[in-house]
Amino acid sequence: PAFGIMLTGAVAAAWNDIEVSWAGIFWMVLNCLSTAGYVLYMKFATKNVKLSTFGMVFYNNLLCTVFLFPVSVMRGEVSIFFS
């Protein structure tokens with residue numbers, strides 16, 4: 001049911017767009033599937049890894065920082081943040 005709700009919301013959001021391409025639909029479905037898979041995996045990992053919710057959020061954000069920080073440095077967003 002969650003995937004259906006997400007897909008319906010994405011279709012409703014794009015309903016008035018000028019054009020819809022198969023590539024756009026592919027990426028929308030891929031986004032919905034990966035988000036649903038992530039939520040299911042986190043539910044599984046929370047039970048099996050024995051971390052608190054705070055611990056899971058902390059490590060998730062820490063891992064995201066590893067990937068996003070170099071991108072933000074290359075785009076010049078870090079210098080804008082500190083100025």
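Helices here are DSSP runs (H or I, at least four residues), numbered from the N terminus; contact means heavy atoms within 4.5 Å; and buried means under 20% relative accessible area, exposed over 50%, and partly exposed in between (1.4 Å probe, protein chains only).

This is a predicted model, in which local features need pLDDT of at least 70, side-chain atom pairs count only at pLDDT 80 or more, and totals for chains, interfaces and linings use all residues. Residues are numbered from 1 along each chain as its sequence is written, and side-chain values use heavy atoms, with hydrogens and water left out.

**Helix α2**

Colour M28, C32, M42 and A45, the buried residues of α2. Next, select the whole of α2 (residues 22-49): its 28 residues should span 40 Å at 1.5 Å a residue, and its end C-alpha atoms are 39 Å apart, which agrees. The expected span is 1.5 Å times one less than the number of residues. Move on to K50, which follows α2 and has a positive phi, near 65°.

**Helix α3**

Select S72, which lies in helix α3. Is S72 buried or exposed? With a relative accessible area of 15%, S72 is buried. A polar atom of the S72 side chain lies 2.8 Å from the backbone oxygen of F69. Leaving aside neighbours within four places in sequence, S72 is in contact with E77 and V78.

Now select L63, also a residue of helix α3. L63 counts as exposed, at 54% relative accessibility. A distance drawn between the C-alpha atoms of L63 and C32 reads 21 Å, for residues 31 apart along the chain.

**Aromatic rings**

Display the aromatic side chains: the structure holds 5 aromatic pairs. Rings of Phe, Tyr and Trp (its six-membered ring) pair if their centres lie within 6.5 Å; planes under 30 degrees apart count as stacked, over 60 as edge-to-face and the rest as tilted. The F26 and W27 rings form an edge-to-face pair, because their centres are 5.2 Å apart and their planes stand at 70°. F26 is partly exposed at 48% relative accessibility, whereas W27 is exposed at 55%.

Then select F58 and Y59, whose ring centres are 5.3 Å apart with planes at 75°, so this pair is also edge-to-face. F58 is partly exposed at 43% relative accessibility, and Y59 is partly exposed at 45%.

Conventions
Helices (H or I, at least four residues) and strands (E, at least two) are DSSP runs, numbered from the N terminus. A polar contact is a pair of N or O atoms within 3.5 Å; within protein, one must be able to donate a hydrogen and the other to accept it, and residues adjacent in sequence count only if both atoms are side-chain atoms.
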